[in-house]
Protein chains: 6
Amino acid sequence: MSGTPVAPSAGLPASVARPSGRAPSQMREVRIERGYTRHAEGSVLVSFGETRVLCTASVENKAPPFLRGKGEGWVTAEYGMLPRATHSRSDREAARGKQGGRTLEIQRLIGRSLRACVDRKVLGERTITLDCDVLQADGGTRTAAITGAYVALVDAVQWLLKRREIARDPIFGAVAAVSVGIYRGVPVLDLDYAEDSACDTDMNVVMNDGGGFIELQGTAEGHAFRREELDALTSLAEAGIAELIAKQREALGL
Amino acid sequence: MSGTPVAPSAGLPASVARPSGRAPSQMREVRIERGYTRHAEGSVLVSFGETRVLCTASVENKAPPFLRGKGEGWVTAEYGMLPRATHSRSDREAARGKQGGRTLEIQRLIGRSLRACVDRKVLGERTITLDCDVLQADGGTRTAAITGAYVALVDAVQWLLKRREIARDPIFGAVAAVSVGIYRGVPVLDLDYAEDSACDTDMNVVMNDGGGFIELQGTAEGHAFRREELDALTSLAEAGIAELIAKQREALGL
Amino acid sequence: MSGTPVAPSAGLPASVARPSGRAPSQMREVRIERGYTRHAEGSVLVSFGETRVLCTASVENKAPPFLRGKGEGWVTAEYGMLPRATHSRSDREAARGKQGGRTLEIQRLIGRSLRACVDRKVLGERTITLDCDVLQADGGTRTAAITGAYVALVDAVQWLLKRREIARDPIFGAVAAVSVGIYRGVPVLDLDYAEDSACDTDMNVVMNDGGGFIELQGTAEGHAFRREELDALTSLAEAGIAELIAKQREALGL
Amino acid sequence: MSGTPVAPSAGLPASVARPSGRAPSQMREVRIERGYTRHAEGSVLVSFGETRVLCTASVENKAPPFLRGKGEGWVTAEYGMLPRATHSRSDREAARGKQGGRTLEIQRLIGRSLRACVDRKVLGERTITLDCDVLQADGGTRTAAITGAYVALVDAVQWLLKRREIARDPIFGAVAAVSVGIYRGVPVLDLDYAEDSACDTDMNVVMNDGGGFIELQGTAEGHAFRREELDALTSLAEAGIAELIAKQREALGL
Amino acid sequence: MSGTPVAPSAGLPASVARPSGRAPSQMREVRIERGYTRHAEGSVLVSFGETRVLCTASVENKAPPFLRGKGEGWVTAEYGMLPRATHSRSDREAARGKQGGRTLEIQRLIGRSLRACVDRKVLGERTITLDCDVLQADGGTRTAAITGAYVALVDAVQWLLKRREIARDPIFGAVAAVSVGIYRGVPVLDLDYAEDSACDTDMNVVMNDGGGFIELQGTAEGHAFRREELDALTSLAEAGIAELIAKQREALGL
Amino acid sequence: MSGTPVAPSAGLPASVARPSGRAPSQMREVRIERGYTRHAEGSVLVSFGETRVLCTASVENKAPPFLRGKGEGWVTAEYGMLPRATHSRSDREAARGKQGGRTLEIQRLIGRSLRACVDRKVLGERTITLDCDVLQADGGTRTAAITGAYVALVDAVQWLLKRREIARDPIFGAVAAVSVGIYRGVPVLDLDYAEDSACDTDMNVVMNDGGGFIELQGTAEGHAFRREELDALTSLAEAGIAELIAKQREALGL
C-alpha cells in the first residue's frame with residue numbers, strides 16, 4: 001500500500017466542493033453499534049453518516065444442500081431495504097413477489113466478500129446468514145452492509161467459540177468496504193446519495209486488512225474512466241478501508 | 001365503560017406469576033420515538049417492552065385505482081418482520097416470493113384499524129401507506145404496530161397541513177391496540193412472547209379514544225373461553241388502551 | 001350463557017326492516033347435505049340461504065413436515081370461491097398466481113376452528129384437509145364453511161373408524177359459526193350480502209356445543225361499537241349457533 | 001356423414017365388456033341443468049355420468065387489451081378442478097401459485113371450441129368468460145365442459161339480447177364434444193375414468209351441428225393407432241355428438 | 001396406408017399458389033445436423049426451411065420422483081423460443097416468471113410423442129430430457145422439434161450403450177411429425193408461417209415408421225372441416241412423415 | 001496506457017501452462033457472424049473459442065414507462081443460457097419461474113455497458129433490446145455477449161438509419177469486453193471454463209475504443225489480489241479489448 005494513499009494521481013484536481021462539505025478523502029462519520037437487537041448471534045447497527053444498516057448474523061447447525069456431508073460450512077447474505085428507507089417509497093419486494101436484480105446483486109456481493117475471510121472447513125457443517133436490512137439510505141448501503149456484517153459475523157463466531165461448538169476461530173483477517181467515485185472531476189471517498197446520483201464514476205471496493213482486494217466493481221456513469229483515475233480511486237479506497245478496519249477493531253474491543 | 005376496568009369478573013382468579021414479574025393488569029414499558037428515520041413524512045419507533053416496530057407513513061399524491069376520480073383518499077398498511085427479529089431466523093418473504101397468510105392478515109388489520117379514524121374525503125385523492133417493520137419481536141407486534149402507526153399517521157397529516165395540501169385535519173380521535181389473554185387461568189394484559197406461546201386465549205383489541213371497539217379478535221388456543229372471560233379481557237384491554245392513548249398524546253406533545 | 005340470549009341489551013332497538021324480511025334474531029334457512037360428491041371421505045354441501053359451500057374432507061396417511069415423528073395428526077383447511085360465485089366475476093386465484101389475503105385469512109380461521117374440537121394425538125400421523133369451495137356467495141361464506149366442514153370432518157373420522165384405522169373418535173364436541181352485526185342500529189343474526197355490505201359492525205363468532213367461544217372477530221365498519229353492542233351481538237350468536245349445532249346433529253342422524 | 005356411424009370399420013371387433021356395462025357406442029347418462037347458480041348470466045351444471053362440471057358464462061362490457069378499439073368481442077374459458085373432485089386429493093392450483101399445463105391446455109381448447117360458433121363482430125366489444133369448474137371427475141371433464149359451456153353461452157347471449165345490448169344473435173350453430181377411444185381393442189364412445197386410464201388410444205372430438213370437426217385431438221397411449229381405427233373413432237364421435245346436440249336443444253327448450 | 005397418399009380426396013381441389021411456390025404435397029427443405037453443440041449427449045439442429053430448432057438430449061442417472069424405485073426411466077421435453085425467433089420480439093418467459101399455455105402444451109406433446117418409441121423399463125432409472133429451443137421460427141416449430149428431438153434421443157441412447165450403462169437399445173421404431181392444413185381450400189403439407197396464419201384448418205400429426213398415428217391434433221381456424229378433408233390431410237401427413245423418417249435415417253447414417 | 005500492455009508487473013511470473021496451451025496474453029479464436037437469424041434488426045453469433053452466444057437487437061418504437069415523454073430512448077439487455085449450454089444440464093429459468101441472481105447481474109451489466117456508447121437523445125423514444133442467449137458455454141459468456149451485442153446494436157441502428165427513422169447515428173465509439181484472471185499465479189487473458197473454475201482472481205473488463213474503462217469487476221476467488229496484480233490484469237485486458245474492437249470493425253466491414 002502506498003505511503004500517501006489519499007493523494008490523487010498526477011493530473012487529477014485535488015479539491016472540489018462536496019455537497020456535505022467534506023474533503024475529497026474524508027469519510028462520513030462511521031458508527032458501529034453491537035448488540036442492537038437481542039435474538040441474533042450477532043447484531044450490529046452500522047452507520048455511514050445518514051446511511052443506517054442493521055446487520056444480523058444467524059447461525060444454523062446445518063450446511064446448505066450443495067455442501068451436505070462435505071464437512072464444510074457456508075456464509076451467505078441477504079439484503080433488503082425497508083420501503084421508506086429512501087426519499088420516495090419503493091415497493092416492498094415481499095409484496096411484489098420477487099427480489100429485484102439490484103438486491104440479488106448486492107446480497108451476492110456481501111456473501112462473497114465475507115466468505116473471503118472465513119475458513120469454511122473450520123466452521124464445520126454450519127450456515128451463518130448475514131441479513132443486512134437498510135433502515136435509512138443515503139448512499140453506500142452495500143459498503144456499510146459489508147463493513148457492519150463483518151462485525152456481526154465476528155460476534156456470531158465468538159458465540160460459537162464460547163459454547164465450544166467450534167474448536168478454533170474460522171475467521172482470518174478483517175473485511176471492510178467503501179465506495180469511491182469521480183465527482184465533478186475529482187476522486188472522492190465514501191459517496192453519499194447526493195454525490196452518488198451525480199458522479200461520473202462509481203466504484204465499490206472491498207478489501208481485507210492485509211491491503212488485498214477482495215472485490216472491485218467500477219462503473220462509468222458518465223464518461224469512461226482512465227487508468228490514472230482508477231489508480232487514484234483505489235488509493236482513496238485503501239485509505240478509507242484502513243479507517244474502517246480501525247473502527248471495526250475499536251467496536252470489537254480489539 | 002366500567003369504573004374499575006381492570007378487575008376481573010367474578011369467579012376468575014386475580015393473580016398469577018407472569019414470566020416478566022408483571023401484575024396481571026400491568027403493561028410493559030411503552031416508548032414512542034418520533035422522527036426515527038428522516039425520509040418518511042412520519043416515522044415512529046414504537047416499543048412495547050422488547051418488541052420494537054418501525055412505523056413509517058408515506059404520502060403519495062394519488063388514490064389507488066379503485067378510488068380514482070372519486071375525490072377520496074386511502075390509508076393502507078404493509079407489515080414485515082426482519083428475518084432475525086425472532087428467536088430463530090425465519091425466511092425472508094421477499095426471497096420466498098410471497099407474503100405469508102399471517103403477514104397479510106396483520107397488514108389488513110392495521111389498515112382497517114387506521115382507516116377507522118380518518119375522514120377519507122377530507123384527505124382527498126392521496127394515499128398514506130403505513131409500513132410497519134418489526135425490528136425485534138417479543139409478542140404483540142401487531143398491537144404495537146397499530147399504536148405506533150397512528151402516531152406516524154398524525155405526523156404525516158401534520159406535514160400535509162403545514163404544506164397546506166389539505167385544508168383541515170382528516171383524523172378524528174385516536175386509535176391504539178393491545179393484546180390480552182388468559183394465562184394460567186388469569187386474564188392478563190399485554191402478552192409478551194413467553195405468555196403468548198403458553199396462553200389459553202389470546203385476544204387483540206383495537207379501540208378508539210371514545211372507548212369504542214374498532215376490532216376485536218379473540219382466539220381460543222387451549223380450551224374455549226367463556227362469556228365472563230370475554231368480559232374480563234375486554235375490561236383489561238380498555239384499561240390498557242387508555243394508557244396507550246395517553247402515551248400517544250404525550251409523544252405528540254398534545 | 002344467558003337464559004334469553006336473543007334479547008338485545010338495554011338501550012338497543014329491537015326491530016328493523018331487514019332486506020330479507022327476517023326478524024333480527026332469525027337465521028336464514030340452513031341445509032346440510034351429506035355425500036354431495038363421491039370421492040371424498042366426507043363431502044357436504046352446506047347452504048345458509050343462497051350461500052352455498054361445498055366442504056370436502058380428505059384423509060391422508062401422513063402428518064405435515066413440522067409434525068413428522070411426533071405421533072400427532074393435523075387438521076387444516078383451504079378455501080376458494082368460484083370466479084362467478086359472486087355478483088360480478090372475480091379473478092381466478094389460480095390464474096393470478098396467488099391466493100389473496102382474504103382467502104388466506106379465512107382458511108386459517110377455518111383450520112383453527114376445527115382443530116379446536118380434535119384430539120390430534122388420537123388422530124395419529126394423519127392429515128385431514130377441509131376444502132371449502134364457495135359455489136354461490138350471499139354473505140357468511142366463512143361461517144357456512146366452518147359449520148359444513150365440521151360435518152364433513154365427522155364423516156371422514158367415521159370412515160377412519162369403520163376401517164379401524166383409528167381406535168377411537170378424536171372429535172370432542174361440535175363446532176359451528178355464524179355472523180352477527182349491527183344493521184341500522186339493530187343487532188341482527190346471520191347477515192346476508194345486502195346486510196353485510198351496509199352494516200356498521202360485522203362479527204364472526206365460532207363456538208362449540210358447550211357454549212364456549214373458539215373465535216370471535218368483530219370489525220367496526222362504520223362507527224366503533226360499544227360494550228353493550230358487543231354483549232348483544234354475542235348473545236345473538238349464541239342463539240344462532242345453538243340452532244346450527246342442532247342442524248348438524250340432525251344431518252348426522254344423531 | 002355415414003348412414004351407420006357407430007359401426008366400427010372392417011376388421012375391428014365390435015364388442016367388449018366395458019367396466020360400466022355400456023355398449024361400445026353407448027354414452028353415459030347426460031344431464032344439463034340450467035340456472036344452477038344465480039349470479040352468472042349463464043350457469044349450467046352438466047353431468048356425463050358421474051362427471052359433473054359447473055359452467056358459468058360471465059359477460060363483461062369490454063374487450064381484452066389486444067382487441068380494444070377493433071369493434072370485436074372475445075369468448076374465452078377458464079378451467080379448474082376442485083381439489084377433491086378426484087379419487088385422491090390434488091393440490092389446489094391457487095395455493096401452488098400456478099395453473100398446470102393440463103389446465104392451460106384444456107382451457108385453451110374450450111375457448112377455441114366456443115369461439116368457433118360465435119360471430120365476434122356481432123358480439124361487439126364484450127368479453128364472455130366461460131368458467132368450467134369440475135365438481136366431480138370421472139373421465140371426460142373437458143368434453144363435458146365444452147358441451148355445458150355452450151349452453152351457458154347461449155343463456156348469456158339471450159340475456160344480452162333481452163336487454164337489447166346486442167342487436168342480433170352472434171351464435172351460429174351448436175358445439176359439443178365427446179371422447180372416444182380404443183378400449184381392449186374395441187372403439188368405444190364416451191370414456192369414463194376406468195376406461196380412460198386403461199385405454200390404448202384416447203381422442204377428444206369437438207364438432208358442430210353441421211357435422212364439421214372443430215377440434216380433434218387423438219393420443220396413442222399404448223400402441224400407435226391405424227387409419228381404420230381413426231375412422232371408426234371419428235364415426236363413433238359423430239354419433240355421440242349428435243346425441244349431445246339433441247340434449248343441448250332439449251335443455252334450451254328449442 | 002393408401003398407395004397414393006398425397007392425392008387429395010375426391011372433391012377437393014388439388015392445386016393452389018402457395019406463398020413459397022411449393023406444390024401442395026411438397027415439404028420445405030429439411031436439414032438435420034448432429035453434434036451442433038458439444039456438451040449434450042445428443043445435440044441436433046433441425047431446420048424445416050427457415051424454422052430452426054436446437055434439440056439437445058440430456059441424460060441424468062435418476063428417475064423423476066413419481067417413478068423412484070420402480071425400475072423405469074422417463075423421457076421428457078422442454079420447449080422454448082428465443083425472444084427474437086419471431087417477427088416481432090416476444091417477452092422472455094423466464095423474465096415474465098412463467099411459461100405460457102402454448103409452451104406447456106407443446107412440450108407436453110413433444111414428451112408424449114417421444115415416450116411412444118421408448119421402452120422405459122430398458123432405459124432403467126434414468127431421465128432423458130429433450131430441450132427444444134427455437135432459434136428461428138417460420139411455422140411448424142413443434143413438428144420440427146419432435147423430428148429433431150428423436151435424432152438427439154437416438155444419439156443419447158447410443159452414448160449410453162457405448163458406455164455400457166444400458167444393456168440394449170430401448171428405442172423401438174422412429175417418430176417424426178409434420179403439420180398439414182387447408183390453405184385456400186387445398187390440403188397442403190408442412191405449413192410455413194405465411195400459410196399457418198392464413199389457413200382454415202391446421203393439423204399436427206405425429207407418426208411412427210410403421211405408419212401408425214401417435215398424436216393427431218387438428219384445429220379448425222376458419223370453418224369446421226369435413227371428414228373428407230380430414231382424410232386428405234392425414235394422407236398428406238403420411239407422405240410427409242415418410243420423407244422425414246428417411247431424413248432421420250440418413251442423418252443417423254442408418 | 002502502457003506501451004507494453006501485456007507485460008505483467010514486476011514480480012509476477014510471466015508464463016504458465018494453460019489448459020488450452022495458449023500463451024498468457026493470447027485470446028481464444030474470436031468469430032463474429034452477422035445476420036445469423038433473419039427476423040431481428042441485428043443478429044450476431046459471437047464465439048470466443050467454444051463459447052457461443054447469439055445476440056439479437058430488437059427495435060421497438062416506444063420508450064419504457066420511466067422515460068415516456070422525455071424524448072429519450074433506452075438500450076437494455078436480457079441474458080439467458082440454454083439448459084444444456086453447460087457441462088451438466090441446468091434448470092430452465094422459465095420453468096423455475098424466475099431468473100437467478102447471476103442472470104440478472106449479467107443482463108444489467110450488458111445493458112449498462114452498451115448504454116455507455118449510445119446518445120439516447122439521438123435515438124429518440126425507442127427501445128433497443130439486446131437478447132444474449134448462450135448456445136454453448138466455455139467461460140466468458142458475459143464478455144462475449146457484450147462484444148457481440150455491440151455489433152448487433154450497430155446493425156439495428158444502421159437499419160433505423162436506412163429507413164430514415166433517425167437522423168443521425170446515436171452510437172459513439174465501440175465497446176467490447178474480456179475477462180482476465182490470475183491462473184496459478186500468472187495473469188492470463190480470456191479465461192476459458194477450465195481456467196475460470198480454477199483461478200484465484202477473475203476480472204471482467206469492459207472498455208471503449210478510446211481506452212477508457214466502462215466497467216471493471218474483479219473478484220478474488222482464492223486469496224485477495226494485490227495492487228500490482230490489478231495493474232497487470234488491466235493491462236492484459238486493454239490489449240485483449242484492442243483485439244476485440246479490431247474484430248468488431250472487421251465484421252462490420254469498417
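Is T141(A) buried or exposed, and what is its relative accessible area?

Mentor: Happy to. Please keep in mind that this is a predicted model. T141(A) has a relative accessible area of 6%, and because the cut-off for buried is under 20%, T141(A) counts as buried. You will find T141(A) in helix α4 of chain A, which covers residues 141–162. Setting aside neighbours within four places in sequence, T141(A) is in contact with T51(A), V53(A), Y79(A), R102(A) and V134(A).

There is also a record to consult here. An unreviewed UniProt entry lists R102(A), G140(A), T141(A) and R142(A) under "binding site". These residues are spread over 41 residues of sequence, yet they cluster in space, with a largest C-alpha distance of 13.3 Å. One of the contacts of T141(A), namely R102(A), is itself on that UniProt list.

Now move along to R142(A), which is also found in helix α4 of chain A. R142(A) is buried, with a relative accessible area of 17%. Not counting residues up to four places away in sequence, R142(A) touches R102(A), I106(A), L109(A), N204(A) and Q217(A). So R102(A) is a contact of T141(A) and of R142(A), and here is why I would keep both side by side on the screen: T141(A) is buried, and R142(A) is buried too.

The largest nonpolar core has 428 residues, and Y150(A), Y150(B), Y150(C), Y150(D), Y150(E) and Y150(F) touch the most other members. In general, nonpolar side chains of soluble globular proteins tend to be buried together. For the copy in chain F, leaving out residues up to four places away in sequence, Y150(F) touches L114(F), C117(F), I171(F), G173(F), A174(F), V175(F), Q248(F) and L252(F).

Strand β9 of chain A, residues 213–220, is joined to β9(F) by five bridges, and the two run antiparallel. In that pairing, E215(A) stands opposite T219(F). On the chain F side, β9 is mostly covered, with eight of its eight residues buried. Seven bridges also join β9(F) to strand β8 of chain F, residues 201–208, again antiparallel, and there M207(F) stands opposite F213(F). The hairpin of β8(F) and β9(F) has four residues between the strands, and G211(F) takes a positive phi near 80 degrees.

For M207 in another chain, look at chain E, where M207(E) lies in strand β8. M207(E) is buried, with a relative accessible area of 1%. Beyond its neighbours within four places in sequence, the contacts of M207(E) include F213(E), I214(E) and A237(E). The C-alpha atoms of M207(E) and A237(E) are separated by 8.7 Å, although the two residues are 30 apart along the chain.

Finally, compare chain E with chain D. The same surface serves both copies, as 100% of the contact residues of chain E recur in chain D.

Methods:
Residues are numbered from 1 along each chain as its sequence is written. Chains are lettered from A and ligands numbered from 1 in the order in which they are written. This is a predicted model: local features need pLDDT of at least 70, side-chain atom pairs count only at pLDDT 80 or more; totals for chains, interfaces and linings use all residues. Side-chain values use heavy atoms; hydrogens and water are left out. UniProt positions are given in the numbering used here, feature names are shortened, and annotations may be inferred rather than shown by experiment. Buried means under 20% relative accessible area, exposed over 50%, partly exposed in between (1.4 Å probe, protein chains only). Contact means heavy atoms within 4.5 Å. A nonpolar core is a set of buried Ala, Val, Leu, Ile, Met, Phe, Trp, Tyr and Cys residues joined through side-chain atoms within 4.5 Å. Two strands pair if DSSP finds at least two bridges between them.
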